[in-house]
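Dear colleague,

Please find below the structure that I am handing over to you, together with its sequence.

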Amino acid sequence: MRLPEGGRIDRTKPLRFTVDDIEYTGCAGDTLASAMIANGLLEVAPSAYRQRPRGIFAAGVDEPNALVQLDDPMQLATTTELVDGLAAILLSGKGRLIDTPDPTRYDKRNVHCDVLVVGGGPAGVAAALTAGRTGARVILADEQNELGGGLLTENRLLDWLADAVDELDALDETRILTGTTAFGYYDQNFVALAEKHRLWHVRAKRVVLATGAHERPLVFVDNDLPGIMLSSAVRQYVNRYAALPGENIVVATTNDAAYGTAFDLATRVSTIVDSRPEPPRELVRRAQELGIEVLAGAHVQQALGTRRIGGVRVGDRQIACDLLAVSGGWSPAVHLFSQSQGKIRYDERVAAFVADKSVQEQHIVGAANAVYDLAGCLREGFRAGLEAAKRTGFDGSLPEAPYAATETVAPPTPVWFVDGPEDRQFVDLQRDATVADVRRATGAGMRSVEHVKRYTTIGTAHDQGKTAGFAAIGVITQLLGAEAPQGTTTYRPPYTPVSFALLAGRDRGELHDPVRMTPMHDWHVRNGALFENVGQWKRPWYYPRPGEDRKTAVLRECRAARTSVAVMDASTLGKIDIQGPDAGEFLNRMYTNAFAKLKVGHCRYGLLCRPDGMVFDDGVVMRVAENRFLATTTTGNAAAVLDWFEEWSQTEWPDLKVWFTSVTEQWATIAVVGPQARTVLSIVAPDVDCSAESFEFMTFRDVRLADGTPARIARVSFSGELAFEINVDGRHGAEVWNAVMATGLPTPYGTETMHVLRAEKGYVIVGQDTDGTVTPQDLGMEWIVSPRKDFVGKRSYRRPDAVRPDRKQLVGLLPVDPEDLLPEGAQLIAPDTSLAQPVPMLGHVTSSYHSAALERTFALALVKGGRQLIGQTVLAPLRDRTIAATVTEPIFYDPEGTRRDG
């Protein structure tokens, strides 16, 4: 019901809303949950698995029951701001995706600040106010739409709060973000904030965590009935929203905090059930003065009722009530602190896990630091705000405290669960998990909280265990007979659910993903190139002349490369500059073949594998100096390889002195390919002796071109033909390309021709001819795997699975009909295979092309036991026909390698 007075709602602004198509009226300032309670609607959808009646239980992000479907699926009624016309459908555990376009515009914002304060309760406001007065750049973020936190629940210091908010608003360097949740805390004080339609990336010099605490439930028989609520939630609905959940109230507690709820609702509270044998005398005295009975050393053993609570059983007594306000103690909200890699410990004094050792530039204050008295919260907030500002170069002084009354908070006496049917004592209301479920887990040998969580699914619902987590820990402790809780589950981002739409941001069309173009891009456009996207790069696909289709154009480009000379823009290949006295040793450990003894001025093709031995990437590595290398990668894997190098350097071998720099965009690369490549090079680099005897294969030279441009020319080939790669500063890429084309000899070719040329030679493309399950041996590349050194992935080759004779192996395919083109991805079967389901597959086609040199089609494929099938026929069943092909060696062209030297 709605109380006639009080609350922070605007009664002059009625708002209409519907729940399950029934219309109700609320007020501006309501949440959906408070408006439902004001309309007598306490029950929500039944539980997800056991279909038991459930009711609103909490008042914030810790709500386990009150899920609703809005325009966004699966929202909490307790955190949904009431607006006129809101239509909600009650949900049991899971939402429904909405298959309509989202008109909302989502944005991102990157900001830096001196002090970030997370939490707008008394400690957070105090910290922000003190830091802001020094002139520091301050951001104060709070998940609620109004600052104040517990002050709004308790109706305390509201005048001071209003003055503080006004002053914060007036500070030029202070920004207040209400309705904004800090959901992720990462390295170097990088904190992610989720506003309604904006994602904030905040880099702070110092962070003050004033994230408060979560009240814990009590576990007893039928503790899931509607009408059972957290004590602080009842107090908040009454004092903040003037919404009364019940008329005849019993309070069950293990600590002091619930007495405040009882005192605020004294005329409607009959009994306080306190688990402590000797509650604080002052609290008991005041309760008795208000006519409230206090049962000390007692526990609620069972809730009575069917659709809603009608009473409780305490020992031999039955006490009538229509609302039970419970408080099982408080758990400091250390989620963000733990995400920041801070260490927590169990504190028996407060019966909770608290912050212990911090590893970032941060402070944790107030209830988040297990300080529950108001004077203590304000004191910690003021001090932390000033200290944070001073640490960032500002100075100030502590303000006079607005509240200095001494409050002694007595220690709680936790009750983990009671005697009675354990399958009706609920630990996780969202997952319908009970004490009986936890007992089954411990009976199966589970001891770790993490293991019990996964065995029972406790704490894996939308609230991520904010109410169930510590309850489960307590039950485990009691079942195992442990003296104290042993640990928590891992606190991972996000703290509360964040929509994919917010993370993705605004759809900016072509600007959604960066488009990378080589220095020669404009030339390619002017000369009619069609492009394909490779990673973020626009790469020329092929260059059709008037009247040519793709097949005709590619065959023409291939003939030029095989019979005269052709050029390709290879600038997009990833390039990583590797320096340091241990650079050679590092590469030795990463690549399957050796690099430590590679001579300066020489190149070597290398292969990278994952720890499981599967091929990850490949490329050519040049030794530029004794302690310097340049490694090339595939275009799409450039960032991944750099990240891979950094990961191993920083986490596995931090003793190695080696550093990495991406230089992909600093170089422009022109591949000159074909029998006449030397002729082209003699014109653009006349001072370079390009003869086979002078310029050996897999070497490079730093030279000057005819116009004086510095260049690095390498003799490498991905086509099997005589080839040179001209590498220049990216700023000179276009002019050097123009100089090469001005010789009048080369034909430009694109990635499709490059694929044909390399496939004719049996050269693999990582990601096309590999799929994450392929070893070098599967590719017929045993020659590149060193038997004399260790490297990432080597041990995996000793696994029996890695040497199975029926592993998929790279082979060639020649269709029986030379005009048949096998579709890439086509599945392969044996000729005698029945097409009745299921059809056993031998493998699949990885690459398939028309070849000018072979004057027919050909393909590469990964086939089970492929090398044993050479000479045999396999079938590729398609939708409208079946193509027969002969299994061959994967090298189709110049197997002797004589054309490499021209």
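This is a predicted model: local features need pLDDT of at least 70, side-chain atom pairs count only at pLDDT 80 or more; totals for chains, interfaces and linings use all residues.

The parallel sheet. Five strands make up an open sheet with parallel pairing, in the order S15-S22-S16-S17-S18. Its edge strands are S15 (228–230) and S18 (293–296), each of which pairs on one side only. On average, and ignoring direction, neighbouring strands of this sheet are turned by 20° against each other. Within it, strand S16 (residues 249–253) runs parallel to strand S17 (residues 269–274), and five bridges join the two. Val251 is found opposite Ile272 of S17. Helix H5 (residues 231–241) lies across S15 and strand S22 (323–327), at about 85° to S15.

The mixed sheet. Another open sheet of five strands shows mixed pairing, with the order S2-S1-S7-S5-S6. Here the edge strands, each pairing on one side only, are S2 (22–28) and S6 (75–76). Strand S5 (residues 67–69) runs antiparallel to S6 and is joined to S6 by two bridges. Leu67 has Leu76 in S6 as its bridge partner.

The histidine. His335 belongs to helix H8 (residues 335–339). The relative accessibility of His335 is 11%, below the 20% cut-off, and His335 therefore counts as buried. Apart from neighbours within four places in sequence, His335 is in contact with His214, Lys466, Tyr491 and Tyr495.

Yours sincerely

How values were computed: Residues are numbered from 1 along each chain as its sequence is written. Side-chain values use heavy atoms; hydrogens and water are left out. Two strands pair if DSSP finds at least two bridges between them. Helices (H or I, at least four residues) and strands (E, at least two) are DSSP runs, numbered from the N terminus. Axes are lines fitted to C-alpha atoms, for helices over the stretch in contact, and angles run from 0 to 180 degrees between N-to-C directions. Contact means heavy atoms within 4.5 Å. Buried means under 20% relative accessible area, exposed over 50%, partly exposed in between (1.4 Å probe, protein chains only).
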